[in-house]
Amino acid sequence: MTEIGNSSGTRHQVARVLTEVFQPPVVVSVMLLISPAVEPGFPGTMWYGLLAAFFVCLLPLAYVLLMVRLGKLSDHHVSNRRDRAPLLMLALVSVFVGLLVLNAVHAPVSVSAMILALIGGIAVLAAVSLVWKISGHASAISSAAVMAVLMFGPAWWPLLLLVPAVGWSRVVLRDHTVGQVIAGSLFGGIVIAGLWWVLRGWLA
C-alpha cells in the first residue's frame, strides 16, 4: 500500500510540475518572443514579441492572480468552467489592444499573424467554455509545438511529445477529462497553428 501511495504521489508531483511549467501564459509568451525569428532582424526584433506577450499574456495573468488574491477565483488555472468565458473575453480585449499597438509600431508580420490567430483561438475557447471545459493547456502547448515545427523545420518535431505529456498531467490532476484534452490538442495544433500559418502568408 505504501508503494502504491508513493507511486501515486510521484505521478501527481510530476503532473503538477508539467502543468505549472507549461501553463498557457508561459507557453504563449515564449512563442510570441520568438515569433519574429522567421523574419529579418531577429533577435533585435524580439522586443516586438515581448510587447505582444505583455498584452496577450502578462496583463490577463496579472488580472487572474489579482482575482485569486481577492478570493474571486479559486486558482490561477481558472478551474471553474463558469469563470472561464468572462476571463477569456477580457483576455480577448487585451489581445486586441496589443494588436493595435503593434500595428502602430510596425511590428513584424509574423507577430501580428500570431496575435490574430490567438484572437480567433481565444474567441472559440471562450464560446466553448460556456458549455464545456476544453483544455486551454492542451490548446496552448499543441499550437506552440506545431508552430515551432512550421517555423524552424523538422528538427523540432520532438516538441510534439510535450502535447501528450501536458495532456496527461491535466487528466492526472483531474482538471480535465481525456476528451477535453484531446479536443484542446486538436484545436490548438490544427486550428490555431493553421490559422497562424495562413495569416502569415496572407499578410506578407
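A: A helix here is a DSSP run of H or I with at least four residues, and helices are numbered from the N terminus. This is a predicted model: local features need pLDDT of at least 70 and side-chain atom pairs need pLDDT 80 or more, while totals for chains, interfaces and linings use all residues. Residues are numbered from 1 along each chain as its sequence is written, and side-chain values use heavy atoms, without hydrogens or water.

Two cavities of 30 Å³ or more are found in the structure. A cavity is a set of points, on a 1 Å grid over the protein atoms alone, where a 1.4 Å probe fits but cannot get out. The largest cavity holds about 700 Å³, the volume being the space filled by probe spheres set on points joined across faces, edges and corners. Its lining (residues with an atom within 4 Å of a point) comprises 31 residues, and Pro24, Pro25, Leu88, Ala91 and Gly136 are the closest to the centre.

Five helices each give at least two residues to the lining of the largest cavity: helix 2, helix 3, helix 4 (81-104), helix 5 (109-129) and helix 6. Helix 3 contributes the largest share, six residues. By class, the lining of the largest cavity has 20 nonpolar residues, 10 polar ones and one charged one. Nonpolar covers Ala, Val, Leu, Ile, Met, Phe, Trp, Tyr, Cys and Pro; charged covers Asp, Glu, Lys and Arg; the others, Gly among them, are polar.

Eight residues of the second cavity's lining are nonpolar, one is polar and none is charged.

Helix 2 and helix 6 come up again at the largest pocket, where each supplies at least two lining residues. A pocket is an open set of points with protein on both sides within 12 Å along at least five of seven lines. The largest pocket has a volume of about 200 Å³. Its lining consists of 14 residues, with Val27, Val30, Met31, Ile141 and Ala144 nearest the centre. Helix 2 (24-34) gives the most to this lining, five residues. The pocket lining has 14 nonpolar residues, and no polar or charged ones.

Helix 6 (136-152) also carries serine 139. Serine 139 counts as buried because its relative accessibility is 2%, and buried means under 20%, exposed over 50%, and partly exposed in between (1.4 Å probe, protein chains only). Apart from neighbours within four places in sequence, serine 139 is in contact (heavy atoms within 4.5 Å) with Leu125, Gly184, Ser185, Phe187 and Gly188.

At 31% relative accessible area, phenylalanine 42 is partly exposed. With residues up to four places away left out, phenylalanine 42 touches Leu33, Ile34, Pro36 and Ala37.
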